Amino acid sequence: MTQITRMSVLYAPTLKEVPADAAIASHQLLLRAGFMRKTATGLYTFLPLGWRVIRKIERIVRQEMDAIGGQEIMMPILQPAEIWHESGRWGDYGPELMRMSDRHEVGLCLGPTHEELVTALVRNELKSYRQLPTTVYQIQSKFRDEIRSRFGLMRSREFIMKDAYSFNEDEESLHESYAAMSKAYGRICDRLGLDWRTVEADSGQIGGSVTCEYHALAEAGEAELVSCTCGFASNTEVAECISHPTAQGETQLRRIETPGVGTIAALAEFLGIPESATVKALVGKDADGAPVAVFVPGDHELNEIKIERAIPGFSFMDDAEMEDAGLPKGSIGPVGLPEGVRVLADRSLKGVEGWAVGANEHGFHYVGAILDRDFHVDEWGDLCTAKAGDTCPKCGGTLEMNRGIEVGQVFELGDKYSRAMNATYLDENGKEQFFQMGCYGVGISRCMAAIVEQYNDEYGIKWPASVAPAHICVLPLVVGDEAVEPAAERIAAELADLGLEVVIDDRKERPGVKFAEADLMGWPVQVIIGKRSVANGELELKNRQTGEKSTLPVAEFRELMSIAHREKRHIEAFLRSIADIPARHAR
Ligand code: ATP
Ligand code: MG
C-alpha cells in the first residue's frame with residue numbers, strides 16, 4: 001500500500017491572488033497552487049508537490065536514457081576554470097557563466113553544461129575503440145546567469161537538466177547514438193503528455209553542426225517556429241527565409257520629400273504601398289569597426305544569427321555613431337551612401353525592380369531606385385527571419401508559425417571538444433583518434449512549466465497522469481461527520497491498496513475551498529463524498545481533464561475499480577479507466 005497524503009499536514013500553501021511578477025500561466029499556477037516559491041530572481045524552491053512532479057519527470061527521463069544504454073553518473077557542479085581554458089570557452093561563454101575563485105585564487109565556475117568536464121573525465125579512461133560507444137548522463141542543477149531570467153521555471157538561473165554525452169569511434173557511430181537519443185527524446189515528450197515538435201536549430205554556445213530542438217507548442221514559448229504541412233519545421237533563428245518582396249511601382253529614380261517619415265510603417269503609408277514594397281535599412285559595423293549597411297524587405301526582420309554568420313563580430317551602431325558615419329537614422333538607403341560603407345542585401349531583393357528607400361538625408365526618400373543603375377550591392381545573402389506566409393524551403397508550400405518552449409536539444413559535436421582537449425582513443429590499427437562526441441540535454445524543470453502551459457484552465461492545473469503529484473484526491477465534504485469521514489477514509493485506503501497515489505483533503509474547510517484547491521492543484525481524479533451521497537450509499541467522481549462528473553453507488557465504483565485493476569498492468573492505464581467512469585456513465 002502506498003502512503004496516503006493528508007492535506008491537513010501537507011506543506012502546500014496556496015495563494016488567492018495572482019503573484020504580481022508572474023506573467024504566464026505556468027509561473028502563476030505553480031506559485032498559486034503551492035508547488036514552489038521564489039527565493040530570488042531566477043531561483044526557486046520546490047515545495048513537496050512541485051518536487052514530486054520533478055521526480056516523476058526525472059524518472060521518465062531516466063528510464064528512457066537507461067533503455068538506450070545510457071549510464072547514469074554524477075559530476076561536480078563546481079568546475080575548474082582550467083578545463084574551460086582548454087576548450088576555449090572560458091573566453092567564449094560570456095557573462096552567463098557564473099565564475100568565481102577559491103581561497104587560493106584558483107578559478108572555478110558553476111556548470112552551465114558539462115562538455116569540458118566529461119571530456120576531461122574520459123580522456124584518461126576510455127582508451128580503446130573496444131570501449132566505444134559509451135553514453136553517460138546525469139540529472140543535476142545547472143547555473144546560467146541569464147540576462148533575462150523570467151517566466152519562472154522557463155528561464156531560471158538555477159535549473160535542473162538531464163545532460164547526456166556519447167563518445168563514439170566515428171561519424172557513423174555518432175549518427176547512430178544521435179538517432180537513438182532523438183527517438184528517446186520523442187518518447188520522453190510523449191510520456192510527459194506534451195504536444196511537441198522537433199525542429200532544425202542553431203548550435204549556439206555548444207558548437208557542432210547537426211542539431212535538433214524539441215519544443216512544446218505553447219503561446220507562452222519564447223521560440224518562434226515555422227513549419228509546413230510537408231513535415232518541414234525549423235526554429236526561425238535558423239530557418240532559410242524565402243520571402244516575396246514586391247516592386248514599389250516606379251522605375252524612374254525620384255527624390256521625394258517625406259517629412260516626419262522615419263519608419264517602414266510610416267513610409268508605406270506615405271507612399272500608399274504595402275510594407276513588402278519598401279526596403280528597410282539597418283546599419284552596423286564589423287569586428288574592425290568598419291560601417292556596414294544591410295537592406296532587407298520592409299516586411300521582414302534582419303536575423304541576428306544570420307548577420308553574425310555573414311559578418312562575424314557584427315554589431316548595430318548607436319545613434320551617435322550613425323550620425324558620425326553620415327548615416328541619418330530613419331532615412332538610410334543604398335543610393336549615395338558615404339564612401340567605404342559595405343553594402344549587404346537580402347537575396348530576395350535581387351529581382352525587385354524599383355526600391356523605395358531612404359535618401360541618406362533627413363526627411364527625404366527615393367522611389368524607383370534600380371539596382372546597378374542607381375546603386376550597387378556588395379554581397380547578397382539569406383539574412384531575414386522567416387515568418388508565416390513565406391515559402392517552405394523544402395516543398396515550396398506556405399509556412400505557418402507557432403510558438404514553442406524548447407524542452408530539449410540534441411547535438412552532434414564531432415571532435416570539437418576532443419580535439420581542443422586532446423581526448424583520444426586507439427583505433428583497431430592502434431592509431432590515436434579523437435573521439436566523436438554527441439551531447440543531449442533535457443530541461444527537467446522547464447518541462448514542468450511546459451506541461452502546465454499545455455495543461456491548465458481558468459481553475460488551475462490539469463496534470464497528465466504520468467507526472468501528477470498524486471493520482472486521485474478524496475474530498476470528504478464534512479470533516480468530523482460520523483458517516484462522511486469514515487466512508488472517505490475507507491475509499492482512500494482502498495484506492496491506495498490498489499497502488500494509486502492518494503490524497504485526502506481531511507482539513508476542516510468549507511466544500512467550496514476544497515473544490516477550488518483540488519482544481520487548482522490539478523489531481524487527475526476527484527472522489528467527492530458528502531452527507532447526502534453517504535446516506536444514499538453513493539459517491540461522486542470528477543475527471544479534472546474533461547470536467548466530467550458522475551454520481552454512482554459505492555458498490556458499483558468498487559466493482560468497476562476491481563475490474564479495471566485486474567485488467568490493467570500499468571498504474572496510469574488503471575487511473576485512466578477510473579477517470580473514464582464519468583464519461584461512460586453519461587453515455
Ligand atoms: P535557451 O535557448 O532557451 O536559452 P539553450 O539552447 O541555451 O536554451 P541548452 O544548452 O540546449 O539550452 O540546454 C538544454 C536544455 O536545458 C534546454 O533545451 C532547456 O530545456 C534547458 N534550459 C536551458 N536554459 C535554461 C534556463 N535558463 N532555465 C530553465 N531551463 C533551461
Ligand atoms: Mg538549446
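## About the model

Since this is a predicted model, local features need pLDDT of at least 70 and side-chain atom pairs count only at pLDDT 80 or more, while totals for chains, interfaces and linings use all residues; side-chain values use heavy atoms, leaving out hydrogens and water. Residues are numbered from 1 along each chain as its sequence is written, with chains lettered from A and ligands numbered from 1 in the order in which they are written.

## Around ligand 1

Let's start with the ligand. Its shell holds 15 residues, each with a heavy atom within 4 Å of the ligand. The closest are Arg-144, Glu-146, Arg-155, Ser-156 and Glu-406. Sorted by class, the shell has six nonpolar, four polar and five charged residues; here Asp, Glu, Lys and Arg count as charged, Ala, Val, Leu, Ile, Met, Phe, Trp, Tyr, Cys and Pro as nonpolar, and the others, Gly among them, as polar. Strands β9 (158–168) and β22 (400–414) each supply at least two shell residues, and β22 gives the most, with four. Strands are DSSP runs of E with at least two residues, and helices are runs of H or I with at least four, numbered from the N terminus.

Several polar contacts (pairs of N or O atoms within 3.5 Å) can be listed. One nitrogen atom of ligand 1 is 2.7 Å from a side-chain N or O atom of Glu-146. A polar backbone atom of Ser-156 is 2.8 Å from a nitrogen atom of ligand 1, and a backbone N or O atom of Gly-408 lies 3.5 Å from a ligand oxygen atom. The protein covers 85% of the 580 Å² of accessible area that ligand 1 has on its own (Shrake-Rupley method, 1.4 Å probe).

## Strand β30

Now to β30 (residues 525–529), where five of five residues are buried, meaning under 20% relative accessible area with a 1.4 Å probe and protein chains only. Val-525, Val-527 and Ile-529 point one way, and Gln-526 and Ile-528 the other. In a regular strand the side chains alternate between the two faces of the sheet.

Strands pair if DSSP finds at least two bridges between them. Five bridges join β30 to β28 (residues 472–476) in parallel, and four join β30 to β31 (residues 538–543) in antiparallel fashion. Val-525 is the bridge partner of Ile-472 and also of Asn-543 in β31.

## Ser-276

Ser-276 sits in the loop between α7 (264–271) and β15 (279–285). Ser-276 counts as buried because its relative accessible area is 14%. Leaving aside residues up to four places away in sequence, Ser-276 touches Pro-245, Thr-246 and Asp-299, with contact meaning heavy atoms within 4.5 Å.

Methods
A polar contact is a pair of N or O atoms within 3.5 Å; within protein, one must be able to donate a hydrogen and the other to accept it, and residues adjacent in sequence count only if both atoms are side-chain atoms. Buried means under 20% relative accessible area, exposed over 50%, partly exposed in between (1.4 Å probe, protein chains only).
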